[in-house]
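Please load the model in your viewer and keep the selection panel at hand.

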Amino acid sequence: MLPDAPLPTAPLPVVIVGGLHADARRQTVARLLADVPGAVVLHHDLSTAADGMVVRTVRDATGPLSKGETPLVNDCACCALREDLVPELRRLAADGVNRLAIVELWDSVEPKAMAEVVVAGGLTVTGVITAVDPALLLPYLGNGDDLADTGLAAAATDQRTVADTFARQLEYAPVLAVVDSPEADDEDRELLAQLHPTARRVPLPGGIPGDSAGPAPDSPLARAALAGFDVEAAAAAQHPACALLPAEADAHGVTTLVWHRRRPFHPERLYAALEDVTCAAARSRGRFWLADKPDVLLHWDAAGGALCVESAGPWLASLPDAAWELVPPVRRAAAALDWHPEHGDCCQHLVFTSPGLDRDGLERLLESCLLTDAEYAAGRAAWKRLPPAFDTLLEV
C-alpha cells in the first residue's frame, strides 16, 4: 500500500548498500554518513523474524532517530521489508530535511529486488553498492550451505545458498565498496576484478569513521552513491540472454575461461558431467543449448559447488518474425551481435572464473558433452528424441 505522505518536489536520492560481508557493509554505510551531510540510514533487521516482526531503524550521523516494527507478511520477513520500505522512504522524503537516504539491506537481501521496489514506488535510486571484503570473497563463493542453516534465510521457504546469494549481490551492483583488508592478497583482488570487471571499485580505508571525520561530499564513495542508476539496464545486464559476462583473463593465479560453441549439448552426457563441471570453478554462469530442447534458452548459474538451471524462454531464432516486436530492444541487439546464419542466437556461452582453474581439462570435458558429428548431422527431429535428462532439474 502506498502511504498518504506526498513526495516532495525535489526527489530524495536513494542509495542501496548491501552484501553478506556485514562488517564491510557497515563500514561503507558509516563512511557515507560521514561524507554526506544530511544523510540518513534506513535499515530493516530481518533477524527478528522468528518473533513475527521485522525491526526498522532510522539513524543519521549523530545516532538513532526512530525505531519501529512491521509484522511479517505471509510468514516472510523479506515480504515485510518490501511492504514497509517505500512508505518509510516516502516519509523521509516528505520531511524535506534529508539529502540522501541510505537503504542498508540486511545480510541476505538481494539489491535487485529492493531497487526495483523502490523505483516502482516512484522514488529515485541513484546508486547500488555492494560492500566487499576481498579476503572473504572465495570463502563465501565456496560456501554451499543453505541460508536457512546459517540463520540468514529471509523466509521459511528460502532455498538459496550463501554462495549463490553472494554472487548475485556482487554481480548486480555497478559499484563495489572494497574495504582495506590486511588478510587480502593479490589473488583475492584479482578474483574480484575478474568476477565483475565492469564494476566501479571504490577502495575504503580501514576502520569506521569517527566523530572527528569531516564531511567529504566529493569523496569517490559519495560520488558513486549519487552517480545515477538505471534499474532496467541493470536487470538486462543479469539476464542470461544479454548478460554482461566476464571476458577471458589470467593473472595472479586466477583464470576466467569463456567457452563459446555453436553445437548443442547431448543431454545425457552433460547431465553425467554436471558435478565435475559445476565444481571446476568457484563461479560459472551463462546460457546453454540442449539438443532435446533446441528452442529453449537455458540459464546456467553455479557457485559453491551447486548449480541452478532454469529456462529463460525461447531463443529468438525459434520465434516468428512478428514476435520480435514483443522482445526488448536490448535482447534483440544482443542476439544480433551473436547471430549465426544457421542457428541464429542458439549457442553455448559459459564463463568460468576461479583460482587454479584447470582450463584444458574443463574444455575437454565440455567438448565431450557436445553432439558428435553423426548426432549433429541427424538433425533437429532426431535431437528432440534424445532422453530428456534435464527434465527433473527443470521441473518439466
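Begin with the largest nonpolar core of this predicted model, which comprises 55 residues. Select Leu46, Leu89 and Leu137, the residues with the most contacts inside this core. Next, highlight helix H2, residues 77–95. Helix H2 supplies nine residues, the largest share of this core.

Now centre the view on Leu46. Which residues does Leu46 contact, once its neighbours within four places in sequence are left aside? They are Val54, Ala77, Cys78, Leu81, Trp106, Val109 and Ala154.

Proceed to strand E2, residues 39–45, and select Ala39 within the strand. Is Ala39 buried or exposed? Its relative accessibility is 5%, so Ala39 counts as buried, the cut-off being under 20%. Beyond four places in sequence, the contacts of Ala39 are Leu32, Leu33, Asp60, Leu100 and Ile102.

Finally, select His266, in the loop that runs between strand E10 (254–261) and helix H9 (267–278). Although His266 lies in a loop, it counts as buried because its relative accessibility is 7%. To display its surroundings, select Cys369, Leu370, Leu371, Glu375 and Leu386; His266 touches these residues when those up to four places away in sequence are not counted.

Notes: Residues numbered from 1 in each chain as written. Predicted model: local features only at pLDDT ≥ 70, side-chain atom pairs only at ≥ 80, totals over all residues. Heavy atoms only, no water. Core = buried A, V, L, I, M, F, W, Y, C linked by side-chain atoms within 4.5 Å. Buried < 20%, exposed > 50% of the residue type's maximum accessible area, 1.4 Å probe, protein only. Helix = DSSP H or I, 4+ residues; strand = E, 2+ residues; numbered from the N terminus. Contact = heavy atoms within 4.5 Å.
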